Amino acid sequence: MKTPTRTIPLSRPFLDEREEDLVLEVLRSGQLSLGPVIPRFEGMAADRLGAPYAAAVSSGTTGLHLAVRIAGIGPGDEVITSPFSFVASANCFIYEGAKPVFADIDPQTLNLDPAKVEAAITGKTRAVVAVDIFGYPCEIDQIEAICDRHGLALIQDSCQALGAEYKGRPLGSGGHMAVFAFYPNKQMTTGEGGIVTTGSAEHLELLVSLRNQGRADVDGWLDHSRFGFNYRLSDVHAAIGIAQLEKLDHLLSMRSAAAARYHSLLADVDKVSTLLPDDADHRRSWFVYVVKIASGIRRDRVIAYLEDQGIQTRPYLPCIHLQRYMREQFGFHEWMFPVAEETSRHTLALPFYSAIEPDDQERVVEALRSALA
Ligand SMILES: Cc1ncc(COP(=O)(O)O)c(C=O)c1O
């Protein structure tokens, strides 16, 4: 009889007694939402990210939506983003009736190519949503200069990049709104949740009001100064976030070590290439470990083989513009963004999380080697 193989998951959060203790404290306090844990969490996050202000929200997607709304984007506007990202990078402004315009990516960084962004600007362009894909900082200085030249709002989708640094500064410290996400596959988690950082006190006031049904500071519970949403994070989730922020440096260094282990294990595996290494200006925060499988290899067969060995992988990421609703609603099709599409056809996310065992990484790489042979 075949011995059942233990599954190595694609991702797994790292939690210990500290999360349990802090969550229990909130539960026992009786104040599960709009309590004191939220500003504590926000203060810690702002400090860690070098941001003047931070507002906690219910997810990365809702944070992006609020940023878009504060930028005043609406029907008839165009917003430029990367086709090689998660759908929320575009959905956040489609919610407001704006039209998605994609600019192709750089084949090395896999982030927006600033020259392609500039070429995509029209008279209707109002904003750029710049994404730090796979935790690698995008060329935000160049993109910001383009936005300044053309009078566009800049929103940074750093949902995959908590802890990454650009030119020695943490993402989130740039002054424009940047959004981070805390789904359990991320560097740190709150279960569901997100945070928006900003250098503007006015943005902060709007974020706090819009996430709370449009109530302003001066409003009573049933008074609403503006049209808003319920995008609040609960104190229970924020308690998890505090425990995670306390150990964030440890989580990030475990992830870097795991990435370095994969890197050396994969060094002699043919037909696989790995992500761009850091340089002086770009310090990646390891979110996923993605490899590029050589052309001519059937990625679906590699995935099926690994699945059979109890190893979870994912074709990551599918291009946004090729999602069915995008084709149907906006008429996007293949060959529009060749670099993103080429990349997307060959990239594969391997099991990756803070506490992944070295033995499991060896098992993954050996199985991948056999699959490719
Ligand atoms: C690039 C990017 N943007 C936005 C999001 C949305 O975050 P959430 O799932 O917390 O809504 C994600 C989530 O994975 C993401 O990867």
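Which residues line the largest cavity? The lining is made up of Arg 12, Pro 13, Phe 14, Pro 184, Lys 186, Gln 187, Met 188, Thr 189, Gln 244, Leu 251, Arg 255 and Ser 354. The structure is a predicted model, in which local features need pLDDT of at least 70 and side-chain atom pairs count only at pLDDT 80 or more, while totals for chains, interfaces and linings use all residues. Residues are numbered from 1 along each chain as its sequence is written, and side-chain values use heavy atoms, with hydrogens and water left out.

On a 1 Å grid over the protein atoms alone, a cavity is a set of points where a 1.4 Å probe fits but cannot get out; a pocket is an open set with protein on both sides within 12 Å along at least five of seven lines, and lining residues have an atom within 4 Å of a point. Grid points are joined across faces, edges and corners, and a volume is the space filled by probe spheres set on the points. A search of the whole structure finds one cavity of 30 Å³ or more, and the largest cavity holds about 60 Å³ of space. Its lining divides into five nonpolar, four polar and three charged residues; here Ala, Val, Leu, Ile, Met, Phe, Trp, Tyr, Cys and Pro count as nonpolar, Asp, Glu, Lys and Arg as charged, and the others, Gly among them, as polar.

The largest pocket has a volume of about 730 Å³. Of the 34 residues that line this pocket, Phe 86, Tyr 183, Asn 185, Lys 186 and Tyr 316 lie nearest its centre. Lys 186 also belongs to the lining of the largest cavity. By class, the lining of the largest pocket contains 20 nonpolar, 10 polar and four charged residues. Helices (H or I, at least four residues) and strands (E, at least two) are DSSP runs, numbered from the N terminus. Helix H3, helix H4 (88–94), strand S13 (314–315) and strand S14 (347–350) each supply at least two residues of this lining, and the largest share, three residues, comes from H3.

Tyr 316 brings in a detail of the backbone. Most residues other than glycine have a negative phi, and most peptide bonds are trans. The peptide bond from Tyr 316 to Leu 317, however, is cis, with omega near 10°. Leu 317 lies in the loop between S13 and helix H11 (324–330).

The second largest pocket has a volume of about 340 Å³. Its lining has 21 residues, with Leu 34, Val 208, Arg 211, Asn 212 and Asp 217 nearest the centre. Eight of the lining residues are nonpolar, five polar and eight charged. Helix H7 gives the most to this lining, with four residues, and helix H2 (37–49) supplies at least two. Leu 34 sits in the loop between helix H1 (17–29) and H2, and its phi is near 55°, a positive value in a residue other than glycine. Leu 34 is partly exposed, with a relative accessible area of 43%; buried means under 20% relative accessible area, exposed over 50%, and partly exposed in between (1.4 Å probe, protein chains only).

What, then, covers the buried residues of H7? The covering includes strand S1 (53–57), H3 and strand S9 (194–198). Within H7 (residues 201–210), Leu 207, Ser 209 and Leu 210 are buried. At the N-terminal end, Ser 200 caps H7, with a side-chain oxygen 3.3 Å from the backbone nitrogen of Glu 202. Gln 213, in the loop between H7 and helix H8 (235–246), has a positive phi near 60° and is partly exposed at 31%.

The interior can be described through nonpolar cores, each a set of buried Ala, Val, Leu, Ile, Met, Phe, Trp, Tyr and Cys residues joined through side-chain atoms within 4.5 Å. The largest core has 74 residues, of which Phe 93, Phe 134, Tyr 262, Leu 266, Tyr 289, Leu 350 and Leu 368 touch the most other members. A second, separate core of 49 residues includes Ala 54, Ile 140, Phe 180 and Ile 240.

Leaving aside neighbours within four places in sequence, Gly 76 is in contact (heavy atoms within 4.5 Å) with Gly 97 and Lys 124.

Methods:
Polar contact = N/O pair within 3.5 Å; in protein donor to acceptor, adjacent residues only side chain to side chain.
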